[in-house]
Structure formats: C-alpha cells, structure tokens
Amino acid sequence: MLIHRRQVHVLTAVQIVGILAFTSFATLSPAEEASVEAIKAGIEGVYVLQEWQRNGEVLRPPLIDGRSVLLNGRLVFIVHDRAQESNQTTLAGYATYILEPGKFSYSYEGWSVITQTADGTSVSEKLPWEGLRTFAASIENNEIHFRATNGPQEFRFNADGSSYSDGKQMRVYRRVIDK
C-alpha cells in the first residue's frame with residue numbers, strides 16, 4: 001500500500017483536530033433571527049458520521065466512519081468508506097467557511113481521495129469544485145438550514161447533530177457533546 005507521506009501527515013492532522021476540537025451548541029428558539037452569532041453557535045463543533053444513505057442503501061460504522069469539525073471559520077472533513085471490500089476510499093479535506101447575515105459559503109483549500117483496490121492504491125488531490133459554494137441560511141424549528149443557491153445541496157444542524165444531502169445521497173452526523 002503506497003500512500004504519499006504528505007497524505008499521511010494530512011490525514012493524521014485531520015484526525016487529531018477531530019479528536020481535540022469541541023464547542024457547545026446554543027439552543028435556538030423558533031422565533032430567533034438568523035444572526036451570524038446564532039448560526040455560528042449552532043454549527044460549530046465536532047461531528048461523528050452515523051450513516052451514509054446512497055443508492056438506496058443505508059451504511060453505518062464500521063462500513064463507513066468519519067469526522068467533521070467546524071470551528072472558527074474552518075472546516076475539516078475525513079470519511080473512510082469500507083462498504084466494498086475491493087474498493088475502499090478515504091476522503092479528506094479542509095476548507096474555509098464564511099458566515100454573513102442569511103448566508104453561508106465555503107470553499108475547499110485541500111482535498112485528497114485515496115482509493116485502495118486489488119490493483120493498488122491511488123491518490124487524487126483534485127478539488128471537488130473551484131471557488132465558493134454559497135447557501136441561504138435560516139433557522140427553522142430549532143434547526144439551522146443551509147440551502148445551496150445553485151444546486152440541491154442542503155445542510156441541517158440541530159442540538160443532536162447535522163445532515164448533508166445533495167439530492168442523491170445523505171450523510172447523517174452525531175454531534176460530540178462535551179460532558
């Protein structure tokens with residue numbers, strides 16, 4: 001199994017940040033205005049992947065495993081997909097996000113896809129898209145919603161966790177709570 005040393009360092013850093021970072025969730029009332037402060041308090045934290053719904057199948061750990069961290073304008077994301085024995089994939093990325101009144105945007109700065117097959121290991125560092133992806137931000141029924149302005153993508157955050165959907169698949173995360 002050949003993996004570039006840089007990918008190993010990136011993956012290790014992502015995992016360490018995911019373990020160490022944490023914040024608390026501010027409870028939102030249905031009537032609360034979607035201020036930048038309320039949205040930031042409601043989204044920042046560490047999330048553990050609980051399920052990945054794709055192609056009509058619901059995958060759960062240990063077939064899939066992942067972490068996502070949103071903190072101080074930064075996003076770190078890593079997912080291991082072990083659903084197919086013959087084609088295992090690790091996705092890792094880091095991004096910057098921007099909160100403005102009624103708006104959320106983010107852009108990946110780094111992205112790695114490591115694929116392991118019977119033929120060997122391959123690595124791609126091609127970003128999933130260029131530039132910012134922008135979402136309309138709102139608070140509805142104690143949930144923060146980000147709906148893409150140019151596509152079907154949607155994030156939802158609440159006190160228990162978050163979800164991401166792109167119209168074809170959905171990932172569901174549990175929020176890590178400091179006790």
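Colleague: Is Gln-153 buried or exposed?

Modeller: Bear in mind that this is a predicted model. Gln-153 has a relative accessibility of 12%, and the cut-off for a buried residue is under 20%. Because 12% falls under that cut-off, Gln-153 counts as buried.

Colleague: Where does Gln-153 lie, and which residues does Gln-153 touch, not counting residues up to four places away in sequence?

Modeller: Gln-153 lies in the loop between β9, residues 143-148, and β10, residues 154-157. Once residues up to four places away in sequence are set aside, what Gln-153 touches is Arg-133, Phe-135, Phe-146, Arg-147, Ala-148, Tyr-164, Ser-165 and Asp-166.

Colleague: Which residues are the closest to the centre of the largest pocket, and what is the volume of that pocket?

Modeller: The largest pocket has a volume of about 380 Å³. Its lining is made up of 23 residues, and the closest to the centre are Phe-77, Tyr-106, Tyr-108, Tyr-164 and Arg-171. Tyr-164 is also among the residues that Gln-153 touches.

Colleague: Which strands each supply at least two residues of that lining, and how many nonpolar residues does the lining have?

Modeller: The strands that each supply at least two lining residues are β1, β3, β4, β6 (103-117), β10, β11 (161-165) and β12 (169-175). By class, the lining of the largest pocket has five polar and three charged residues, and the nonpolar residues number 15.

Colleague: Is Thr-89 buried or exposed, and which residues is Thr-89 in contact with, leaving aside its neighbours within four places in sequence?

Modeller: Thr-89 sits in strand β5, which covers residues 87-100. Its relative accessible area is 18%, which is under the 20% cut-off, so Thr-89 is buried. With neighbours within four places in sequence left aside, Thr-89 is in contact with Val-79, His-80, Asp-81, Val-113, Ile-114 and Thr-115.

Colleague: Are Asn-55 and Asn-72 buried or exposed, and what is the phi of each?

Modeller: Asn-55 is placed in the loop between β1 (45-54) and β2, while Asn-72 is placed in the loop between β3 and β4 (74-81). The relative accessible area of Asn-55 is 75%, so Asn-55 is exposed, and Asn-72, with 53%, is exposed as well. Neither residue is a glycine, yet phi is positive in both, near 50° for Asn-55 and about 50° for Asn-72.

Colleague: Is the peptide bond from Pro-61 to Pro-62 cis or trans?

Modeller: Pro-62 is found in the loop between β2 (57-59) and β3 (64-71). Omega of the bond from Pro-61 to Pro-62 is near 10°, and that peptide bond is cis.

Colleague: How many helices and strands does the protein chain have, and what share of its residues is buried?

Modeller: The protein chain has two helices and twelve strands, and from the N terminus on the order is α-α-β-β-β-β-β-β-β-β-β-β-β-β. Among contacts with a separation of 6 or more, residues 24 or more positions apart account for 46%. Of the 179 residues in the protein chain, the buried share is 43%.

Conventions: Residues numbered from 1 in each chain as written. Predicted model: local features only at pLDDT ≥ 70, side-chain atom pairs only at ≥ 80, totals over all residues. Heavy atoms only, no water. Buried < 20%, exposed > 50% of the residue type's maximum accessible area, 1.4 Å probe, protein only. Contact = heavy atoms within 4.5 Å. 1 Å grid on protein atoms, 1.4 Å probe; cavity = no way out; pocket = protein on both sides within 12 Å on 5 of 7 lines; lining within 4 Å. Points joined across faces, edges and corners; volume = space filled by probe spheres on them. Nonpolar A, V, L, I, M, F, W, Y, C, P; charged D, E, K, R; others polar.
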